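Here are some exercises to work through with the model open beside you. Try each task before reading its solution.

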Amino acid sequence: MANETTRILGLDPGLRRTGWGVIESEGSRLRWIAHGVVAPNEKAPFSERLLHLLEQVGEVCAAYSCDEAAIEEVFVNVNPASTLKLGHARAAVMLAPARAGLSVAEYAPTLIKKAVVGAGQADKSQIAFMVKRLLPASGDVKADAADALAVAVTHAHHRRFKTIAVRGAA
């Protein structure tokens with residue numbers, strides 16, 4: 001059976017900066033397609049910033065013909081108001097691929113770090129270093145986009161194991 005190529009959109013949600021990264025997964029091979037950051041105007045009203053996130057991530061889904069999406073789960077911040085705002089941003093970012101008909105998987109930050117770096121307490125520079133090693137064509141990726149690519153890589157690994165398990169059960 002030939003390996004199926006799947007285009008995965010990874011998302012690292014934030015109200016100020018939402019990182020995104022698109023990769024292709026074919027079996028155990030990963031290939032970088034694109035990455036970037038959506039940065040709404042910080043002076044715009046909250047609702048307009050959320051709408052900007054929704055629209056821009058939706059455009060990324062369409063522009064790169066994504067098949068699936070994955071997003072980093074929210075972590076609880078010390079400041080409840082900040083956590084709530086991050087939750088709103090995460091919802092807007094999550095709705096864009098859902099609106100485009102994509103399934104959206106969620107991964108905990110520690111799982112993403114473990115999948116990409118091998119340690120659940122890795123810092124952003126370690127993630128960026130490993131993303132560059134795993135996806136050399138991506139070049140020098142900044143933190144938000146590197147985190148998003150790490151989410152996509154995590155999803156590629158986990159979906160592969162799920163596929164193998166399902167095929168093995170058949």
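Helices (H or I, at least four residues) and strands (E, at least two) are DSSP runs, numbered from the N terminus. This is a predicted model, in which local features need pLDDT of at least 70 and side-chain atom pairs count only at pLDDT 80 or more, while totals for chains, interfaces and linings use all residues. Residues are numbered from 1 along each chain as its sequence is written, and side-chain values use heavy atoms, with hydrogens and water left out.

**Exercise 1. The fold in outline**

Count the helices and strands of the chain, and write down their pattern along the sequence.

Solution. Start with the count: there are five helices and five strands. Then walk along the sequence, and the pattern reads β-β-β-α-β-α-β-α-α-α.

**Exercise 2. Overall dimensions**

Compare the chain's radius of gyration, taken over C-alpha atoms, with the globule rule of 2.2 Å times the number of residues to the power 0.38.

Solution. For 170 residues, the rule puts a compact globule near 15 Å; the chain has 16 Å, so the two agree. Next, the box: along the principal axes, the C-alpha atoms fill roughly 50 × 35 × 30 Å. Finally, burial: 44% of the 170 residues are buried, where buried means under 20% relative accessible area, exposed over 50%, and partly exposed in between (1.4 Å probe, protein chains only).

**Exercise 3. The sheet**

Solution. The five strands form an open sheet with mixed pairing, in the order E3-E2-E1-E4-E5. Strand E3 (29–38) and strand E5 (103–107) are the edge strands; each has a single partner, so one side of each lacks a neighbour in the sheet. On average, neighbouring strands are turned by 20 degrees against each other, direction ignored; here axes are lines fitted to C-alpha atoms, for helices over the stretch in contact, and angles run from 0 to 180 degrees between N-to-C directions.

**Exercise 4. Strand E1 and its two partners**

Describe how E1 pairs with E2 and with E4.

Solution. Take E2 (residues 18–26) to begin with: E1 pairs with E2 in the antiparallel sense over eight bridges. Five residues lie between E1 and E2 in this hairpin, and Ile8 stands opposite Ile23 in E2. Now turn to E4 (residues 68–72), which runs parallel to E1 (residues 5–12) and is joined to E1 by four bridges. Within that pairing, Gly10 has Ala70 as its bridge partner, and Leu11 has Ile71. As for burial, seven of the eight residues of E1 are buried, so E1 is largely enclosed by the rest of the structure.

**Exercise 5. Two residues compared**

Is Thr154 buried or exposed, and which residues does Glu106 touch?

Solution. Thr154 sits in helix H5 (residues 143–169) and, at 0% relative accessibility, counts as buried. Leaving out residues up to four places away in sequence, Thr154 is in contact (heavy atoms within 4.5 Å) with Tyr107, Leu111, Ile112, Ala115 and Val116.

Glu106 belongs to strand E5 and is partly exposed, with 38% relative accessibility. With the sequence neighbours up to four places away set aside, Glu106 touches Ile71, Glu73, Arg90 and Met94. The side chains of Glu106 and Arg90 are joined by a polar contact of 2.3 Å; such a contact is a pair of N or O atoms within 3.5 Å, and within protein one must be able to donate a hydrogen and the other to accept it, with residues adjacent in sequence counting only if both atoms are side-chain atoms.

Technical notes:
Two strands pair if DSSP finds at least two bridges between them.
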